Amino acid sequence: MRRFWRATGLLGVFFATSGTAWAQTMAVVAACESKNPATSITGCTTILNSGQDYGAYIFEAYVDRSLAESAQGNVTGAVADATQAIAIAPENARILVMRGKDYMALHQPTLALADASSAIALDPTDPAAFVLRAGAEEILGQAVPAMQSAQRALQLDPHNAGGYAILAMAYGMQRQWPQEILAQTKILSLQPDDLAALLGRASAEAHTGAYGDVIQDANAALALNPDVPDAYIDLGLAYLATQQPARAITDETRAITLAPTDPRPYFLRGQAYALAGNPGADAADQSRAIALAPGNGVPYAQRATAEAMLGQNEAAIKDATTAIALHAASPGAYLTRATAELQAGMNAQAITDAQKSLAGGPPRALAYGTLGEAEAAEKHWHQDIAAQSKALSLSPDDVPAYLDRSDAYQALHQYKPALADDRQALALQPDNEDALFDQADLFETLHEYNKSIANYNKLIKLVPGSPLVWNNRCWTRALAGQFQAALGDCDHALSLTPADPNVLDSRGFVYLGMHRNHHAIASYSEALHLDPKMASSLYGRALAEQALGDKSAAASDFAAAQRDDPNIRKDFGT
């Protein structure tokens with residue numbers, strides 16, 4: 001039996017009892033001090049209900065029954081018995097600590113804090129009282145006092161794992177991840193199989209980006225208990241952060257099996273699906289996370305991102321708005337909403353939200369890139385260039401930013417910097433189709449047709465089934481005077497897409513350059529059958545008709561072309 005108070009009256013009880021009665025008394029006392037909680041409760045209850053003078057054993061019976069009840073999960077009963085023991089011995093600090101621990105189990109940290117403070121006042125050298133106070137302060141959100149209490153416990157007992165555990169949690173509350181890692185490591189040096197310390201250290205390591213260590217600690221935790229969902233959650237997070245979505249999906253799925261009401265693995269698995277190129281599955285998982293934690297804005301923001309990727313712009317805007325309402329300073333949610341607004345043609349709103357995203361957090365290349373795209377959509381070319389330049393200062397390998405800035409320079413007829421940006425994009429990604437297209441078009445604008453054709457040659461090797469590439473090379477070859485080769489390209493493009501008015505228009509231009517005017521008229525007429533308002537085909541056909549002496553038909557087509565495009569005379573053949 002746990003003797004917190006000297007049993008001065010016990011011998012009197014024993015000497016006043018003899019024979020069978022004495023043996024029965026000893027059996028009851030032995031039962032009360034048993035390590036079996038059920039047996040202890042029965043024995044202690046017999047003592048407390050006997051009406052006999054058990055002296056100090058009354059106090060100890062309350063203490064033992066309280067401990068046994070706590071072990072059985074009857075924490076309310078444990079608190080009641082501890083309170084009776086405190087009434088008998090109010091100067092006993094240890095019983096206050098014991099009741100305080102039960103208050104913690106009942107999620108009553110304020111009462112636990114009061115008991116810890118009373119125990120410390122009675123015995124300021126007991127590390128357990130300081131650990132209790134630190135735990136209560138930590139739950140109450142008092143991170144600094146919790147750290148101070150834990151540090152005092154460790155001064156009294158440098159090997160107190162509980163003190164390090166509270167210290168680690170307090171560091172975590174203050175986002176001091178390296179310090180938390182050190183505290184968890186100290187616990188593991190004292191208790192190598194401490195599951196909570198392994199999981200706590202893994203979580204802190206994830207915040208520092210030490211994902212290899214996360215994987216090691218999570219696997220160590222699973223070696224101790226293969227059914228711990230937090231270990232799988234940490235593993236999935238580490239694999240997600242290291243661009244291994246398949247492994248992340250597997251681990252988060254296992255976590256969901258073990259803890260189906262925890263929103264975290266749904267959120268992380270959704271992100272892994274997004275990384276694997278499956279935004280639909282991402283949106284579905286974020287919906288499950290939202291159902292489990294509707295007050296958390298983060299899954300709303302992630303679902304909005306998935307919806308934007310799926311082109312569901314209205315839904316994305318709605319979810320991003322909800323995320324912003326729940327977390328007003330969320331730069332990610334503003335950026336997602338800006339992306340959806342840009343896709344929906346809401347350019348002014350996209351500019352505003354991209355600016356709010358940049359104002360609400362550290363500068364991000366993606367936010368500047370989105371801002372630039374929105375400015376470009378409004379033909380604000382100088383603002384686009386400024387935004388993309390900011391993006392590139394933060395992320396010098398951002399190929400889309402180079403291409404977008406190149407387009408803006410071209411719109412301003414600043415071809416030299418435009419070409420420099422295209423070249424930089426291709427230096428980073430030599431097979432980037434957008435960059436090759438852009439550079440080919442730019443060389444054509446500069447009348448450097450052979451360089452333009454060289455870019456189309458590369459594109460044809462990359463995408464041989466693209467009628468657009470064949471058509472563009474046809475057009476550029478025609479501009480270069482390579483009519484026979486151009487005709488072959490147009491014919492191949494038509495074999496891939498027989499009813500494309502743009503290709504028929506290009507072929508008409510080739511025939512016009514070859515002075516095969518009847519063929520030119522036929523090809524232009526096919527294009528106009530598919531698109532009656534194609535000004536270039538009307539103008540080209542008019543030139544062919546004029547060359548054949550059909551002045552009336554030519555005049556009619558010239559007039560129609562001018563009506564549909566007042567600049568056609570200047571722009572034709574460019």
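Predicted model: local features only at pLDDT ≥ 70, side-chain atom pairs only at ≥ 80, totals over all residues.

Q: Is D421 buried or exposed?

A: Buried: D421 has a relative accessible area of 4%, and the cut-off for buried is under 20%.

Q: What about W381, buried, exposed or partly exposed?

A: W381 comes out as partly exposed, since its relative accessible area is 22%. It is found in helix α23, residues 381-394.

Q: What does W381 touch, skipping residues up to four places away in sequence?

A: W381 has contacts with A376, A408, A411 and L412 on that count.

Q: How far is W381 from I256?

A: The C-alpha atoms of W381 and I256 are 48 Å apart in space, and the two residues are 125 apart in sequence.

Q: How many residues line the largest pocket, and which lie nearest its centre?

A: There are 28 lining residues, and L237, R264, F267, L268 and V298 are the ones nearest the centre. The elements that give two or more residues to the lining are α12 (195-208), α14 (229-241), α16 (263-275), α18 (297-309) and α20 (331-343).

Q: Which of those gives the largest share of the lining?

A: α18 does, with 6 residues.

Q: And how does the lining divide into nonpolar, polar and charged?

A: The lining of the largest pocket has 14 nonpolar residues, 11 polar and 3 charged.

Q: Which residues of α33 are buried?

A: The buried ones in α33 are A554, D557, F558, A560 and A561. Looking down the axis of α33, these buried residues fall within an arc of 165°, so they line one face of the helix.

Q: What do the buried residues of α33 pack against?

A: They pack against α32 (535-547) and α34 (568-571).

Q: Which exposed residues are on the face of α33 turned away from the buried side?

A: That face of α33 carries K551, S552 and R563.

Q: Now the backbone. What's phi of H107?

A: Phi of H107 is near 60°, a positive value in a residue other than glycine. H107 is in the loop between α6 (93-105) and α7 (109-122), and it is exposed at 70% relative accessible area.

Q: And phi of K379?

A: K379 also has a positive phi, near 60°, and is a residue other than glycine. The loop between α22 (365-377) and α23 holds K379, which counts as exposed at 60% relative accessibility.

Q: Last one: is N347 buried or exposed?

A: N347 is buried, with 12% relative accessible area, and it lies in helix α21, residues 347-359. Leaving aside neighbours within four places in sequence, N347 is in contact with E341, L342, A374, A377 and E378.

Definitions and conventions: Residues numbered from 1 in each chain as written. Heavy atoms only, no water. 1 Å grid on protein atoms, 1.4 Å probe; cavity = no way out; pocket = protein on both sides within 12 Å on 5 of 7 lines; lining within 4 Å. Helix = DSSP H or I, 4+ residues; strand = E, 2+ residues; numbered from the N terminus. Nonpolar A, V, L, I, M, F, W, Y, C, P; charged D, E, K, R; others polar. Buried < 20%, exposed > 50% of the residue type's maximum accessible area, 1.4 Å probe, protein only. Arc of directions from axis to C-beta. Contact = heavy atoms within 4.5 Å.
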